[in-house]
Amino acid sequence: MFLKIYKHSFLAPLKTLVPLFIANFALAILGGISVRIANTIEDNVSLATFFGTIAGLSSVGLTGLAFGEFVLVISAFKKAVATDEAYLTYTLPATAGQQLGARTLSIATWYVIISVVSIIATVTYSAFSGEPSFIVDVSPSIELNPEATWIIIEVVIMAIVMVASILLHVIFGVLLSQKLSTKTKTKSANAMTVIIGFAEGFVLLIVFITLVVGLLATENSAVLNASPHVIIWTITVTFGMLGGLCYYLSYKMMSRWLNLA
Amino acid sequence: MASALEIKNLNKRYGNYLALDNVNITINGGKIIGLLGPNGSGKSTFFKCIAGLLTYEGQILVHGVPVGAESKKIVSFLPERTYLDLNMKVSEVFDFFFEFYEDFDMDRAYELLATLGVDKNAKLKTLSKGTKEKVQLIAVMARKAGVYLLDEPIGGVDPAAREFIIHTILTRVNEGATIIISTHLIRDIEEILDEYIFINGSKFLSYGSVKDVHDQGKTVDEVFREVFRCF
């Protein structure tokens with residue numbers, strides 16, 4: 001049942017996302033070519049400005065598309081659990097754990113796919129612009145010793161945990177909005193869901209940045225003398241625990257607090 | 001053999017409002033039962049509790065199984081609203097049901113669809129409200145479930161559609177199944193009912209045989225009017 005739910009929740013936004021992925025690459029190519037043209041016609045200020053603007057808008061568009069694609073994935077989740085379709089979702093012969101686990105995994109899969117598409121689009125942009133990729137420029141200059149390698153691994157783990165935690169916050173936000181919007185049935189429930197999720201993630205980030213910066217700025221701070229490993233793992237574990245709490249609350253909401261009035 | 005439904009001390013509250021008040025009832029299999037009551041009498045709440053859509057106090061056993069993932073395998077629920085993804089084609093709806101419910105009979109679904117004359121490749125959003133409801137009913141009734149819960153299946157549809165719906169209910173595939181139909185349009189379905197339950201304001205007022213009512217020279221519709229006149 002887990003795999004069936006995963007398959008359906010994964011396929012639900014597919015038809016909408018594929019054209020957007022194509023748009024990603026079209027925009028990347030357009031932006032890249034615009035940069036190349038702008039660089040070759042520097043003498044003609046008007047045209048160079050025109051193509052430079054197109055290149056800039058393409059970059060903004062790429063970011064917007066990635067954000068929009070993620071919102072679509074979340075909207076598909078919300079549609080399944082917090083609209084009339086929830087009557088079908090919750091009458092499927094599945095446990096709350098299967099429902100939540102499969103749908104969470106589906107969202108995470110899409111997040112990875114959207115990230116990969118965005119990275120490839122950025123590389124495409126860079127390739128079409130005719131300028132060497134910053135990755136190619138920067139990579140050879142990094143000299144990795146065992147300590148630095150370990151820190152990079154820890155930072156990657158931290159980033160993964162942070163992203164997973166924010167995804168779980170968004171899922172929690174969706175389910176919370178279901179509870180909040182059951183009576184009012186507002187059309188803005190979708191927007192509220194996304195806002196709750198992202199606001200939670202944003203607030204968390206601000207809190208941590210403030211905390212770390214504040215502690216670092218304090219004289220004789222223990223943080224100043226602390227190993228970077230301690231700082232990284234503190235952040236990782238905290239985000240992990242917050243994500244876990246969100247998952248637990250989401251599970252409770254899907255099982256014990258379910259109320260499709 | 002376990003009863004189709006065994007309900008003990010069922011209570012359901014929405015905040016301070018008591019929607020179901022200490023409901024106790026045992027329903028045996030193979031019957032078509034009318035859950036009859038005015039609007040807002042708790043019919044939908046009762047169904048949602050059995051279908052696993054609402055939390056509640058008390059005990060509900062469906063063929064001896066508590067409400068949960070296992071009971072949902074044998075309960076086929078038709079809510080009063082369209083719960084299907086309107087971007088789906090009719091055939092995709094049937095594929096979905098076939099994949100998730102082991103008891104879904106695809107041949108039966110297409111047989112019923114043929115009588116409707118609806119293109120299986122038509123998207124739900126292109127169909128009229130009545131046709132969408134009929135497609136949903138077909139999907140629900142094409143399951144070989146133990147218990148069917150039909151919430152207002154004939155409300156808001158034209159007389160011809162009512163005839164189709166009643167025919168679909170009557171030609172259910174598995175004889176041992178229990179069908180509970182909630183409605184306040186009693187006259188339209190009285191002829192197909194074996195038993196009736198009167199419900200109002202969270203209370204189950206009476207549960208009896210339609211034949212007994214007819215033997216007294218009355219109709220269920222007349223009894224309903226007598227019972228609910230004072231409310």
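For the helix pairs described here, axes are lines fitted to C-alpha atoms over the stretch in contact, and angles run from 0 to 180 degrees between N-to-C directions. In the predicted model, helix H2 of chain B and helix H3 (residues 106-116) of chain B pack with their axes 10 Å apart, at an angle of about 155°. Because angles over 145 degrees count as roughly antiparallel, H2(B) and H3(B) are assigned to that class. Their crossing is right-handed. On the H2(B) side, the packing involves Val90(B), Ser91(B), Phe94(B), Asp95(B) and Phe98(B), which meet Met106(B), Ala109(B), Tyr110(B) and Leu113(B) of H3(B). Of these residues, seven are nonpolar, one is polar and one is charged.

Helix H2 (residues 90-100) of chain B also packs against helix H4 (residues 129-141) of chain B, the two axes coming within 10 Å and crossing at roughly 25°. This angle makes H2(B) roughly parallel to H4(B). The crossing of H2(B) and H4(B) is right-handed. H2(B) contributes Val90(B), Val93(B), Phe94(B) and Phe97(B) to the contact, and H4(B) contributes Val135(B), Ile138(B), Ala139(B) and Val140(B). Eight nonpolar residues make up this contact between H2(B) and H4(B), with no polar and no charged residues.

In chain A, helix H2 (residues 14-40) and helix H3 (residues 45-82) have axes that come within 8 Å and cross at roughly 160°. H2(A) and H3(A) are therefore roughly antiparallel to each other. The crossing of this chain A pair, H2(A) and H3(A), is left-handed. The contact of H2(A) with H3(A) comprises 18 nonpolar, seven polar and one charged residue.

The interface between the chains was examined next. Contacts link 25 residues of chain B with 26 residues of chain A. The size of an interface is often given as the accessible area lost when the parts come together. Between them, chain B and chain A bury about 2300 Å², of which 59% lies on carbon and sulfur atoms. Within the area that chain B buries against chain A, 28% is supplied by Leu53(B), Glu99(B) and Phe100(B), more than by any other three residues. For the complex, the predictor gives an ipTM of 0.86 and a pTM of 0.81.

Confidence was also summarised by chain and by element. The mean pLDDT of chain B is 84, and 94% of its residues score at least 70. Among the elements of chain B, H2(B) has the highest mean pLDDT, at 93, whereas helix H5 (residues 159-170) of chain B has the lowest, at 75. Chain A averages a pLDDT of 80, with 76% of the residues scoring at least 70. Among the elements of chain A, the highest mean pLDDT, 92, belongs to helix H1 (residues 2-11) of chain A, and the lowest, 54, to helix H6 (residues 134-138) of chain A.

Note on methods. Residues numbered from 1 in each chain as written. Chains lettered and ligands numbered in written order. Predicted model: local features only at pLDDT ≥ 70, side-chain atom pairs only at ≥ 80, totals over all residues. Heavy atoms only, no water. Helix = DSSP H or I, 4+ residues; strand = E, 2+ residues; numbered from the N terminus. Parallel < 35°, antiparallel > 145°, perpendicular 65-115°, else oblique. Left-handed = near helix turned anticlockwise from the far one by under 90°. Contact = heavy atoms within 4.5 Å. Nonpolar A, V, L, I, M, F, W, Y, C, P; charged D, E, K, R; others polar. pLDDT = per-residue confidence, 0-100. Buried area = accessible area lost by both parts, 1.4 Å probe.
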